[in-house]
Each structure stands twice: as C-alpha cells, then as structure tokens.
Amino acid sequence: SSGPVRCPKVALVESPLPISSSVIKISRVARSDAQAALFEYLHYTRGFTYMDAEHISKNSPHFVENLVMKVENEQDVSRALSKLLRYYPINEFEPFLESLGLRPTELSLFLPANLIFLADDHMLLDNFHVLCDYGIPRVEIGKIYKEAAEIFGYEFGRLNTKLRAYEDLGLSKPTVIKLVTSCPSILVGDVNKELVDVLNKLTELGFQRDWIGGYLSSRHSYSWNRMLDTMTFLVEVGFGDMQIGDLIRKNPAFLLEGSGKQIYVLFGRLLKLGLKMNEVYLLLLENPEILSPKCAKNVWKALYFLFEIGMETDHIAKFLRTHIQLLASHSLKGPKTVLRSLNGDRQKL
C-alpha cells in the first residue's frame with residue numbers, strides 16, 4: 001500500500017438523536033434515491049439476496065429517512081450515500097428488524113449488543129429464511145421475533161420440523177401460518193398441548209380439523225386454555241355438545257375473539273341483574289347471536305342506558321328477558337342525547 005486510504009468528503013449533519021418519521025419531511029425523489037443506495041449496499045456490497053435487499057430497503061422508512069438526514073445535499077442523495085455506506089458500515093439489524101414490522105421505538109430493545117452485520121448471526125438468517133420459505137409474510141415476522149426470539153437460535157432443520165409437526169395434526173399450511181403469526185410461542189418447546197386439546201374438543205363437537213383456520217387472524221392472540229375453560233363452562237351450566245357446537249358455528253367470534261372471555265362477562269352481568277342460571281341458559285340458547293362481540297357491545301350499552309336513566313334493576317331484567325333481540329341488534333344513542341330531545345324528562349323516558 002502506498003499510504004492510508006482517504007475517505008471521500010461527505011457532508012454530514014450531526015444527528016445524535018433518533019429522528020421521528022412523523023416529523024421529518026423528505027422529498028419522494030430523495031427517499032427513492034436513499035432506498036436505491038441502501039439496496040445497492042446490501043445486495044452488491046454485503047451480498048444479500050436480491051429479495052432480502054429489496055424488502056429491507058423498501059420497508060424500513062425510518063432508517064431510510066435517517067440516512068437522508070446524514071447527507072447535506074438532498075439533490076445528490078444517491079452518490080453521497082453510496083460514498084457514506086462504502087466507508088461507514090451501518091448496523092444492518094436496524095433496517096432488517098424495522099422491515100419485519102418492529103416500530104422504531106422498539107428497535108433498541110432487540111438489537112444485539114456486539115453485532116452490526118447480519119451475516120455474523122447465521123442462525124438468525126437461516127431461521128428467518130425458513131419462515132419466509134414456509135409462506136409467513138416478512139412483515140409478520142417481527143411479532144414472532146418479539147414474542148419467541150428463541151426460535152431464531154434453532155439449529156438447522158429444527159424450526160422446519162416444528163412447523164411440519166403442526167401439519168401432522170391435520171392442519172393445512174395456511175392455518176399453521178395463521179397460528180404461528182398470531183401465537184408465535186407455539187414454536188417454542190414441544191407441540192403446544194393446550195392447542196391440541198382445543199383441536200380435539202372441536203373435533204368431538206363435529207368440526208373439521210382445519211375449521212379453526214378460517215377464523216384465525218394474525219392481528220389477534222389466542223389463549224387456548226381459556227377456550228377450553230369456556231367450552232367446559234358451557235357444559236357445566238347445562239349445554240350439550242350439540243348445543244355448544246351450534247353456538248360456535250353461529251358465532252365463532254365468541255370463542256375466538258377474546259378466547260371465550262365474552263361468555264364469562266355475559267353470564268356475570270346477567271346474573272347480577274337477577275336472572276337465574278336457567279334463564280341465562282335459555283337466553284343464550286334462543287339468541288346465540290348475542291355472543292358476537294358487536295351484539296354483546298350493544299347489550300352492554302343498552303344496560304348502561306337503562307341504569308343511567310334510573311330504571312330499577314328488576315325492571316331492567318324483565319325488559320332484557322323480553323327484548324334481548326332488540327337490544328342486541330341496535331346501538332342506542334347516549335342517554336344525555338336522548339334526554340335533551342325530551343327536555344330532560346327522565347320519568348317520561
């Protein structure tokens with residue numbers, strides 16, 4: 001070597017604090033140039049696959065905006081950033097984790113302490129690609145990383161075996177994908193026993209093994225234990241298997257949204273009103289729609305309305321017995337709004 005390598009002059013803007021993407025306004029051209037520079041760095045300099053480099057560069061807006069703010073002349077972002085990235089390597093975990101769906105405010109909690117190059121954590125990348133190849137959307141993998149980080153340290157082949165184990169239960173690949181994205185912890189340890197028990201119970205009630213996949217959502221998390229408790233509770237209050245099956249078929253949300261919590265709340269409030277257990281049982285049997293989240297919300301609003309205007313508890317219970325369908329199917333205006341139309345006459349209302 002004839003002498004030390006001299007870094008090119010790149011104008012930098014001091015920015016010791018994270019820059020919020022909600023505050024910074026950069027031009028579309030500058031953002032596009034920065035994405036292109038990041039893609040070229042990841043793909044051509046660091047050897048990322050085309051797909052990985054493209055996804056990271058296009059799905060890490062906060063990181064890209066911070067890159068733009070490091071160069072003074074936004075008109076020449078592409079060239080300035082190419083020079084910057086050539087001589088000042090980035091922490092590759094930052095745009096990578098952001099592209100998986102982690103919020104910028106969460107990144108500091110999950111960045112490795114002594115690594116900046118993703119290639120130095122080959123097990124992380126191997127298991128990430130297993131999830132991608134299985135069909136799990138990349139933007140959903142951030143939730144898995146947050147809730148079940150252990151799986152990204154699995155030795156080669158172990159994660160794939162766990163995914164296949166759930167297919168062996170009679171579940172389709174789309175259902176397994178929904179299960180993993182909604183409840184990542186099922187990939188930690190052995191096959192989740194509580195989930196298996198729920199599947200077995202649903203099979204006993206006459207459901208196809210893969211039925212549950214049609215109602216799962218990656219936006220929710222599920223408590224398999226509570227679902228089991230809910231179905232057991234229905235048996236204890238007098239429901240037969242056929243009736244429980246009919247309830248679930250007509251309103252899957254009551255079991256899956258909130259994992260059955262709705263029915264405990266409903267029973268508790270109706271019993272407090274003075275209804276007897278057998279009356280609640282008949283109400284649910286004859287009006288299973290009230291177990292849906294929307295109808296249940298309407299009922300709660302109606303009960304609040306009736307209490308707020310001063311109706312006595314026994315009268316509310318009687319009104320509920322005879323008009324449950326009406327109360328469940330409509331959302332009432334607030335009592336103050338209705339009272340204004342009646343000049344504040346609570347007695348008349």
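Arg164 is in contact (heavy atoms within 4.5 Å) with Tyr134 and Lys173, leaving aside its neighbours within four places in sequence. Arg164 sits in helix H9, residues 158–167; helices are DSSP runs of H or I with at least four residues, strands are runs of E with at least two, and both are numbered from the N terminus. This is a predicted model, in which local features need pLDDT of at least 70 and side-chain atom pairs count only at pLDDT 80 or more, while totals for chains, interfaces and linings use all residues. Residues are numbered from 1 along each chain as its sequence is written, and side-chain values use heavy atoms, with hydrogens and water left out.

- Arg164 has a relative accessible area of 35%, so it counts as partly exposed; buried means under 20%, exposed over 50%, and partly exposed in between, with a 1.4 Å probe and protein chains only.
- Val176 is twelve residues from Arg164 along the chain, and 8.9 Å separates their C-alpha atoms.
- Leu271 belongs to helix H15, residues 261–272.
- With a relative accessible area of 34%, Leu271 is partly exposed.
- Not counting residues up to four places away in sequence, Leu271 touches Lys276, Met277 and Val280.
- Leu271 and Ala317 are 46 residues apart along the chain, with 9.5 Å between their C-alpha atoms.

**Helix H13 and its two faces**

- In helix H13, residues 241–250, the buried residues are Ile244, Gly245, Leu247 and Ile248.
- On the face turned away from the buried side of H13 you will find the exposed residues Met242 and Lys250.
- The cover over the buried residues of H13 includes helices H11 (193–204), H12 (224–236), H14 (252–256) and H16 (277–286).

**The whole protein**

- The protein has 19 helices and zero strands.
- Its C-alpha trace spans about 95 × 60 × 30 Å along the principal axes.
- Of the 349 residues in the protein, 44% are buried.
- Among contacts with a separation of 6 or more, 72% come from residues 24 or more positions apart.
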